[in-house]
Amino acid sequence: MFPDEKRLAPIITKQAPDTVVGWYFPNSYEIGMSGLGYQLVWWLLEQDVRLEVKRGFLDQAEAGIEASQLIGFTVSWELDFINILNILKKHDIPAMTKDRGGLDQHALVFGGGPVLSANPEPFADFFDVILLGDAEAVVPAFAEAWQKVKDKASRQECLRELAKTPGIYVPSLYEISYEGEVGPITEIKTIYDDTPKVVAKQVFATPDNYAAHTQILSSATAWSDTFLIEIVRSCPQECRFCLASFLTRPFRATTVDTIMKRIEEALRYTKRVGLLGPSVTEHPHFQELADRLLATPDIELTIASVRADTITAEILDTLHRLGQRSVTIAIESGSERLRSIMKKNLSEAEILSAVDLIDKSGLKGVKFYGIVGLPHETQNDLEETVRLLTLLKKKHRRLKFVFGVSSFVPKAQTPYQWEGRDRDCAKKLEYLRKNLAKLGIEMRPESLNWSDIQALISRGDRRLNKALLAIADSEGNLGAWKRLLRRPPANTPGLDYYAFRRIPAAETLPWSHLVDSNRTDYLQKHAQAAALEPALQ
């Protein structure tokens with residue numbers, strides 16, 4: 001245990017575990033232990049009596065982690081790859097899988113999380129194994145498969161056997177061909193006939209009594225002793241830019257009884273509770289949940305983003321009485337035309353009604369989320385955003401408005417994966433900043449330069465490995481990226497290729513072998529529907 005921790009999970013008695021697993025979050029303890037995904041996988045591994053699990057972070061680790069035979073990472077942010085490579089270096093493990101010796105010489109390196117499930121290819125040469133899909137489905141399967149291969153002397157023989165387990169992707173068993181040195185992919189093929197041609201992500205069939213939740217409380221995290229519980233997974237709306245909607249399908253809701261049982265157990269240790277999900281008010285029985293939380297004494301509640309069209313006076317009253325001071329609403333754009341194209345399914349009337357209700361509830365503020373540079377966006381759409389926020393601010397002067405805005409980053413396995421970034425995002429952000437400042441609305445933009453790099457990695461392929469290694473060997477800051485992108489390594493396409501160009505529908509995508517053809521067809525139909533929206537005419 002680390003200092004200032006309270007273990008909610010039961011102690012598992014282990015007589016003679018045969019494998020030490022180093023389970024890392026490739027950033028600080030404060031950030032890592034705040035993440036439900038990291039704790040979820042730790043608990044899935046910890047329950048296996050054959051595994052001795054040691055937690056590790058960039059800034060600290062449990063004693064004994066250096067003896068790990070398995071070293072794993074959860075990857076929730078593309079730019080944490082630098083920290084992954086630095087951690088491997090601490091363990092004297094070569095960065096590239098091809099340079100590693102037998103299992104008795106170097107630990108087997110595995111990874112999972114949303115970044116790797118969406119597109120692992122830029123990092124493919126760094127991982128022996130990548131776990132695709134819901135952790136509850138694929139992590140126990142990996143642990144079981146490991147038991148059958150752990151005594152094999154040959155790393156290659158071990159990996160070939162592991163690759164036969166659904167959801168376990170072994171990148172080194174696939175060969176990628178390209179058109180010229182910096183052209184698109186022409187072929188992805190397996191090296192061995194017994195390796196799966198397509199590796200499908202695994203979906204967890206959620207039991208009624210199951211909920212992913214905090215297993216270890218800590219005052220040294222970003223949430224500080226807050227018990228987090230996932231009440232919905234995925235989102236039924238399927239906004240066309242959104243990775244959370246498409247990567248984690250189908251939409252699933254935890255039963256209210258299960259949520260309340262877990263919260264009541266946690267209240268013995270803390271009064272702070274956070275409800276998690278892409279949009280928690282999408283829960284089909286959210287009002288019932290809110291009523292039962294309100295009847296629970298001595299509880300402080302925090303919720304993630306809510307959908308404007310699910311807000312009611314009763315829900316807001318409950319949130320206010322439970323200590324919530326503001327709410328977050330993702331409108332994406334003030335333009336109803338653009339929201340229709342992206343399939344946001346949110347009308348202006350619903351936004352206006354939601355903010356009216358928020359004002360009447362006594363809450364103090366609203367944080368709006370928006371995106372600039374979305375496909376099919378025009379100047380008129382930006383003007384519509386200013387118009388809508390002007391209307392809202394003039395009507396609700398008591399409320400504090402904050403507008404958090406990012407620029408569109410195309411994500412693998414979404415309908416907008418073929419679209420490129422907008423080169424005019426800087427001008428668009430400045431237009432919004434200047435006009436919103438006049439209204440007294442604080443605008444919080446994300447870094448354009450870092451979003452460019454995020455897009456580079458999001459749609460990248462294995463040819464990026466030289467660039468990633470070079471960045472990891474340098475200071476890893478924005479200046480290092482700019483210098484590298486001015487002169488990319490040999491045989492490596494540049495920023496325009498990965499981030500800004502529109503990819504032809506017929507082109508083989510780097511992650512094509514990780515998505516079945518029916519799913520790709522479904523995404524293409526979404527993309528075509530967006531381009532043919534009546535509102536575009």
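Guide: This is a predicted model, in which local features need pLDDT of at least 70 and side-chain atom pairs count only at pLDDT 80 or more, while totals for chains, interfaces and linings use all residues. Residues are numbered from 1 along each chain as its sequence is written, and side-chain values use heavy atoms, with hydrogens and water left out.

Visitor: Which elements are included in what covers the buried residues of helix 14?

Guide: Helices (H or I, at least four residues) and strands (E, at least two) are DSSP runs numbered from the N terminus, and buried means under 20% relative accessible area, exposed over 50%, partly exposed in between (1.4 Å probe, protein chains only). In helix 14, Cys425, Lys428, Leu429, Leu432, Asn435 and Leu436 are buried. Seen down the axis, these buried residues fall within an arc of 140° (taken from the directions from the helix axis to the C-beta atoms), so they line one face of the helix. With contact meaning heavy atoms within 4.5 Å, the cover includes strand 17 (365–372), helix 13 (379–395), strand 18 (400–407), strand 19 (442–445) and helix 15 (448–458).

Visitor: How many aromatic pairs does the count come to?

Guide: Rings of Phe, Tyr and Trp (its six-membered ring) pair if their centres lie within 6.5 Å, and planes under 30 degrees apart count as stacked, over 60 as edge-to-face and the rest as tilted. By this rule, the count comes to 18 aromatic pairs.

Visitor: What is the angle between the planes of Trp23 and Tyr38?

Guide: Trp23 counts as buried at 2% relative accessibility, and Tyr38 is buried with a relative accessible area of 2%. Their aromatic pair is stacked, at 5.7 Å centre to centre, and the angle between the planes is 10°.
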